[in-house]
Amino acid sequence: MRAQVAIIGGGPSGLLLAQLLMAQGIDAVVLECQTKEHVLSRIRAGVLEQGLVEIMRNLGVADRLDTEGMIHNGTVLSYDNDQVRLDFTEHAGKPVIVYGQTEVTRDLYDLREQTSGQTFFECEEVHPQDLKSDAPFVTFRQYGKDFRLECDYVAGCDGFHGVSRQCIPENVRTEYEKIYPFGWLGVLSETPPAHHELIYSNSARGFALCSQRNSNLSRYYIQCDLTDSVDQWSDEAFWDELKRRIPEEVADTMVTGPSVEKSIAPLRSFVCEPMQWGRMFLCGDAAHIVPPTGAKGLNSAAADVHYLSEGLINHYNNNDSRGLEGYSQKALERMWKTERFSWWMTNLLHRFPDQSTFDQKMQRAELEFLAENQLAVAVLAQNYVGLPY
Ligand code: FAS
Ligand code: PHB
């Protein structure tokens, strides 16, 4: 079996890349270790940068996104009983779109099936090999049968726990990591959003976020201890704690209801350098992780895919390999700025166990400066809507 590009991972990175290549006549095969149903059962990101929206539109797969996605021209940072609104349109010239990653992935799978893209599900023992040669290949097993996929290039789109990053030798790979001393307890509820825009809240009891998916599907998060488990948090306990961390007028009018999904995610900042090794290129969570405070996980994966797809298309269609040779440097230049923004938002809005009263004063001073300085708001807004590709 042969393909020009072997893509490991059928999440948003892998699917976006596969379809961008297919649109330019480049043959890619996707190898996914789970079932499609399992991939689509994950509840993750909710905010899309314009860059990702444009990629979806260019692929002709944005009809639902353009119909059901909600245009958000700003967001609110609240602290104690004060608030500062970030006006994206005024300060960054563009909005963000609120549309769940699950729906993005669903749309991409629908497109892949309509375009007869080849995807292998429930792959086991996936091993990229001979990556430093001109003839790399990937072996894998599916339903007890062994396969060998010959290819020109391998795209490692297999997430943080995937196999691809480990193919870069340890003496070549540098990993930068910061693990945060708390997690996010997330709840999805079939209730109307508490506010028409997202609310990020810095409260003495810990961080909280009011987000949404549509007019009757809301997504909420509260900062929780790393030792917490979902079983410890009844719906009632969650709603009670959330209401104590957000502005009173929002808490008083919030509609609560049974959780349809409840999960705890750890928070980390992580970057692997380089993001390529021989003929393998890493995209998305396979190469980097951000705390979700800045809504950058899915969106930075899209930026990687933009750079890699451009590099592969220019290689195959214009005989120009400079984009491939410079992929890692280009992707990392943007990614480190995104890591900084996500780290900064996380430090600004969370309560850290070892935080001193001075540290808390620094957070409040930063928030008060934002409330009175439009240039400071502009810097935040331009980072939040997404840095240029
Ligand atoms: P993904 O992890 O989405 O996809 C990788 C795919 O590869 C998976 O389908 C996996 O099954 C497959 N795979 C793994 N190993 C394999 C192997 N050996 N062989 C074949 N396939 C393999 N981002 C935000 O912006 N906002 C959020 O609120 C947010 N919340 C998150 C909550 C959680 C619990 C997690 C884990 C992440 C969250 N993220 C969030 C980040 C998330 O959205 C990622 O950035 C996004 O899924 C990145 O997409 P991929 O790079 O495709 O990685
Ligand atoms: C979400 O809706 O899941 C979401 C939104 C914004 C974030 C993180 C998560 O910063």
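I sorted the shell around ligand 1 by class and found 14 nonpolar, nine polar and six charged residues, where Ala, Val, Leu, Ile, Met, Phe, Trp, Tyr, Cys and Pro count as nonpolar, Asp, Glu, Lys and Arg as charged, and the others, Gly among them, as polar. I note that this is a predicted model, in which local features need pLDDT of at least 70 and side-chain atom pairs count only at pLDDT 80 or more, while totals for chains, interfaces and linings use all residues. Residues are numbered from 1 along each chain as its sequence is written, chains are lettered from A and ligands numbered from 1 in the order in which they are written, and side-chain values use heavy atoms, with hydrogens and water left out.

I looked up the neighbours next: 29 residues surround ligand 1 (a heavy atom within 4 Å), and the closest are S13, E32, R42, R44 and Q101.

For polar contacts (N or O atoms within 3.5 Å), I found a side-chain N or O atom of E32 2.7 Å from an oxygen atom of ligand 1, and a polar side-chain atom of D285 2.9 Å from an oxygen atom of the ligand. The protein buries 83% of the 990 Å² that ligand 1 exposes when taken alone (Shrake-Rupley method, 1.4 Å probe).

I then turned to helix α6, residues 101-114, whose 14 residues should span 20 Å at 1.5 Å a residue, which agrees with end C-alpha atoms 20 Å apart (the expected span is 1.5 Å times one less than the number of residues; helices are DSSP runs of H or I, at least four residues). Among its buried residues (under 20% relative accessible area, 1.4 Å probe, protein chains only) I listed Q101, V104, D107 and Y109.

Technical notes. Helices (H or I, at least four residues) and strands (E, at least two) are DSSP runs, numbered from the N terminus. Buried means under 20% relative accessible area, exposed over 50%, partly exposed in between (1.4 Å probe, protein chains only). A polar contact is a pair of N or O atoms within 3.5 Å; within protein, one must be able to donate a hydrogen and the other to accept it, and residues adjacent in sequence count only if both atoms are side-chain atoms.
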